Amino acid sequence: MLNRPLPLYEEILLLALDDGEGTTKQAGWYTNAMGGAILAELAMTGAISIADDKKKKVTLGRRGSLDDVILDECLALISEEKKTKSAAQWVSKFSGTKDLKNRVARQLVAKGLLAEETDTVLKIFKRTVYPEVDGGPEKELRERMKKAIFTATTEVEPRTVAIMPAIFVATS
């Protein structure tokens, strides 16, 4: 078991990947969801705040490393930006992070949750796939979401509340 919860953007990728094949079937939805998950993670750590008005402008909060390469990279983008941008603009920017899927998948490989393999398409094109090795964290996430949606509980973990809109918005 992992010592700390997976970042929300890693949980999104676990949901997007086909467990056996290690590929994403519906290209695109998960990248926007990952961008939203990155923004949510930054907000939950206090690294940023999002204005509670129509414009939803993002401002920096506490400074310092979050001990996460991707979160630190995205936080640096916000701190280097001269103009204040909206949450939607940052989600778009984060979802377009170069090689985001593979970088996140490799983090999950390092944690022992995925394997990294090479296969071919049409016996011509090589690609990297990430089949699941340890399904525990994804199963636990699905159970948290089922409990939040299909039971009368009022006690929903904040991380579950944060990830669900990212998935619903990205897939609708």
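Which residue lies over the face of Trp90? In this predicted model, that residue is Lys85. Lys85 sits 4.9 Å from the centre of the Trp90 ring. Aromatic pairing was also searched for across the whole structure, and one pair was found.

Salt bridges were searched for in the whole structure as well, giving 12. One of them joins the side chains of Glu10 and Lys111, with an N to O distance of 2.7 Å. This pair connects distant parts of the chain, as Glu10 and Lys111 are 101 residues apart. Glu10 belongs to helix H1, residues 8-16. Lys111 belongs to the loop between H5 and strand E3, the latter spanning 117-121.

Helix H1 also packs against helix H6, residues 136-150, in terms of axis approach: the two axes come within 10 Å. They cross at roughly 95°. Angles of 65 to 115 degrees count as roughly perpendicular, so H1 and H6 are roughly perpendicular to each other. On the H1 side, the contact is made by Glu11, Leu14 and Leu15. On the H6 side, Pro137, Glu138, Leu141, Arg142, Arg144 and Met145 take part. By class, five residues of this H1 and H6 contact are nonpolar and four are charged. No polar residue is present in the contact of H1 with H6.

A further helix pair is formed by H3, residues 69-80, and H5, residues 100-110. Their axes come within 11 Å and cross at roughly 140°. H3 is therefore oblique to H5. H3 contributes Val69, Ile70 and Glu73 to the contact. H5 contributes Leu100, Arg103, Val104 and Gln107. The contact of H3 with H5 holds four nonpolar residues, one polar residue and two charged residues.

How values were computed. Residues are numbered from 1 along each chain as its sequence is written. This is a predicted model: local features need pLDDT of at least 70, side-chain atom pairs count only at pLDDT 80 or more; totals for chains, interfaces and linings use all residues. Side-chain values use heavy atoms; hydrogens and water are left out. Axes are lines fitted to C-alpha atoms, for helices over the stretch in contact, and angles run from 0 to 180 degrees between N-to-C directions. Helices (H or I, at least four residues) and strands (E, at least two) are DSSP runs, numbered from the N terminus. Angles under 35 degrees count as roughly parallel, over 145 as roughly antiparallel, 65 to 115 as roughly perpendicular and the rest as oblique. Contact means heavy atoms within 4.5 Å. Ala, Val, Leu, Ile, Met, Phe, Trp, Tyr, Cys and Pro count as nonpolar, Asp, Glu, Lys and Arg as charged, and the others, Gly among them, as polar. Rings of Phe, Tyr and Trp (its six-membered ring) pair if their centres lie within 6.5 Å; planes under 30 degrees apart count as stacked, over 60 as edge-to-face and the rest as tilted. A charge sits over a ring if NZ of Lys or CZ of Arg is within 6 Å of the ring centre and within 35 degrees of the ring normal. A salt bridge is a side-chain nitrogen of Lys or Arg within 4 Å of a carboxyl oxygen of Asp or Glu.
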